[in-house]
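Here are a few friendly notes to read alongside the model.

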Amino acid sequence: MPGSTKMTKIIKPRVEIPVIFDEWAKRHNYSEKSKNKYGYMFATFVRFLNECDIPIESVSSTVIQQFVEIKLSDISIKSKLSYLWLIHEIYYDFVEDGKVEINPVYKILVKTKKENRGKQPTRLPLSLSQYERKLFIAYIDSLPRNYQGMLVRCALSLMLHTGLRANELCELKKYDMHLYDDTAWLRVIGKFNKERNVPVPDEIVNDLIEFLDMQEDGLGDCFIQKSGTGNSYTPNGIYFMVKVALKRTNITKVRMSPHILRHTFATTALIAGNTMKQVQQWLGHETSASTDIYVSFVESISSIKTVN
């Protein structure tokens, strides 16, 4: 109509969501709405890293603090905590997958929460109780003894009984498994290419040997490999495997991840009387500080008294 003004809709430019975030969101089954929201937030963080020319695997707590001060200074504390929570959760998975040694966001997140709410959260190891561990082992024992059943049986058993990280399990080579020695053991290449030896309990050795015998020669060096192709599993595949196992065992945790089995191994080993130094070596911790949290956890449950 003459004299009328046509309204033009302003379209916000699409933000390129990092592939890393897509993989993380898929792993945790977020809705499209949540993916769009969190993806935009994480893209803001990644752009900051690009501006500073800092690889995402090289981020320190100092970098996180700079990000907060430079990019989050004008937003509400609630929004600021949302950003920190998101980045913390993504780096939590990085730690689980062996991409980084420590979570650079944890201290900043704790400090920010303490300053604004006066509460400092304490995250204890999320492990299976003794009863849940028995249920989980019963589930493993119930798996069929065909190729796929033995693959899942061995993968779950190795994480529960040796404390391997998901990525370490995926990278475990058949020639690094010394199963016929008097004390069976694994040569594990962990974070930052660090090597360690981990004992294998007698109760799972026969299953590991049986699964080795099922594999075709010449297909691949990795122990946990897909039938007929020799392709190794990915950490995401192991994550899904553990999640399915926990659900079928009717075990519910805040995080249904492979690290639950690693935490369970550590606490079980300490309860059994192994020293902190031994457990530290088996887990591949750089310092005793990482292992000490398990000691504190075991001491806390050991001191519980029954109230009549």
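1. The buried residues of helix H9 pack against helix H7 (147-162) and strand S1 (177-178). Contact here means heavy atoms within 4.5 Å, and helices (H or I, at least four residues) and strands (E, at least two) are DSSP runs numbered from the N terminus. H9 spans residues 202-214, and its buried residues are Ile204, Val205, Asp207, Leu208, Ile209 and Phe211. Buried stands for under 20% relative accessible area, with a 1.4 Å probe and protein chains only.

2. A word on provenance: this is a predicted model, where local features need pLDDT of at least 70, side-chain atom pairs count only at pLDDT 80 or more, and totals for chains, interfaces and linings use all residues. Residues are numbered from 1 along each chain as its sequence is written, and side-chain values use heavy atoms, leaving out hydrogens and water.

3. Overall, the protein has 13 helices and 3 strands. Of its 308 residues, 46% count as buried. Among contacts with a separation of 6 or more, 60% come from residues 24 or more positions apart.

4. Now for the strands. S2 (residues 185-189) and S3 are antiparallel, paired over 5 bridges; pairing requires at least two DSSP bridges. Trp185 sits opposite Pro199 in S3. On S3 (residues 195-199), Arg196 and Val198 form the covered face, while Glu195, Asn197 and Pro199 make up the uncovered one. In a regular strand, side chains alternate between the two faces of the sheet.

Technical notes:
Buried < 20%, exposed > 50% of the residue type's maximum accessible area, 1.4 Å probe, protein only.
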